[in-house]
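My notes follow in the order I took them.

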Amino acid sequence: MSSGSGESPPPGARQPGVAHLLRAALPHALTALVAVALTLGIQRLLLPAASGQPLVTPQVASITPVSSPMPTSTVNATPSPQSTEAPLAAALTRQELIDLRAQDERLWAAMYLMRALHHLADAETLLRANDFARVEQTLAAIDEALAQAYVRAAEADRDPISQIRSDVGGIREDLYLRPEGMDIRLARVRQAIMTLIEARR
């Protein structure tokens, strides 16, 4: 009995500790609740004010109209970068197209010169076989290829092409009358065409 009255009961020992913790946490909880309440109150006050702002802005806009003559004259006086870049881009595009067309014409002229050179090799082979009829036909094909090259050639190349065509026409006229030395004349024409092709590479 004496030993039992000397011990404090376990529930009595725990209750003062719990109450102490509650008292210690109570100010923090109240502070948190007040902060939440203030936040909600501020949000409720600000939301109607924000929703009411569009009603006030038309009055400000009416005081300072947007379409005033001063900004319009300023915008017209100062050219925008887009207004200057668009004509420049269009000019560059036109120049690029002109350059591409000129390059394309030079390529076609070189191709027809190569075709004339190929026909000339055939003419030399036929001449060694004394096949004058086919030599004449081949010379006509050479002249046609040179004519196509003349149309597409640059201005500086047209005079040499005209001279080569004149030489080919002279060979055709002398083919049956003076066949001697035709191989040398064909070789000269071949060299002239090759020189013209090499000079424009």
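**Helix H7**

H7 has 18 residues and at 1.5 Å a residue should span 26 Å; its end C-alpha atoms are 26 Å apart, so the two agree. The expected span is 1.5 Å times one less than the number of residues.

Next I looked up burial in H7. Met182, Leu186, Val189, Ile193, Leu196 and Ile197 are buried (under 20% relative accessible area; exposed is over 50%, partly exposed in between, with a 1.4 Å probe and protein chains only). Seen down the axis of H7, these buried residues fall within an arc of 100°, so they line one face of the helix. The arc is that of the directions from the helix axis to the C-beta atoms. I recalled that an α-helix has 3.6 residues a turn, so residues three or four places apart point the same way.

**What I am looking at**

This is a predicted model: local features need pLDDT of at least 70, side-chain atom pairs count only at pLDDT 80 or more, and totals for chains, interfaces and linings use all residues. Residues are numbered from 1 along each chain as its sequence is written, and side-chain values use heavy atoms, with hydrogens and water left out.

I noted 7 helices and 0 strands in the protein chain. Of its 201 residues, 18% count as buried.

**The core**

Which residues have the most contacts inside the largest nonpolar core? I found Leu113, Ile142, Leu146 and Ile193, in a core of 27 residues. Such a core is a set of buried Ala, Val, Leu, Ile, Met, Phe, Trp, Tyr and Cys residues joined through side-chain atoms within 4.5 Å. Helices H4 (81-128), H5, H6 (155-174) and H7 (182-199) each give two or more residues to this core. H4 gives the largest share, 9 residues.

**Helix H5**

I then followed Ile142. Beyond its neighbours within four places in sequence, Ile142 is in contact (heavy atoms within 4.5 Å) with Ala116, His119, Leu120, Ala123 and Val168.

Is Ala149 buried or exposed? Ala149 has 0% relative accessibility, so it counts as buried. With neighbours within four places again left aside, Ala149 is in contact with Ala109, Tyr112, Leu113 and Ile161.

**Rings and charges**

I counted 2 aromatic pairs (ring centres of Phe, Tyr and Trp, its six-membered ring, within 6.5 Å; planes under 30 degrees apart are stacked, over 60 edge-to-face, the rest tilted). The ring centres of Phe132 and Tyr176 are 6.0 Å apart with planes at 85°, so this pair is edge-to-face. Phe132 is in H5 and Tyr176 in the loop between H6 and H7, 44 residues apart.

I also found Arg152 over the face of Trp108, 5.8 Å from the ring centre. The charged end of Arg158 sits over the ring of Tyr150, 5.3 Å from its centre. For this, CZ of Arg or NZ of Lys must be within 6 Å of the ring centre and within 35 degrees of the ring normal.

**A loop residue**

Last, I visited Asn130, in the loop between H4 and H5. Asn130 has a positive phi of about 60° although it is not a glycine. Its relative accessibility is 59%, so Asn130 counts as exposed.

Technical notes. Helix = DSSP H or I, 4+ residues; strand = E, 2+ residues; numbered from the N terminus.
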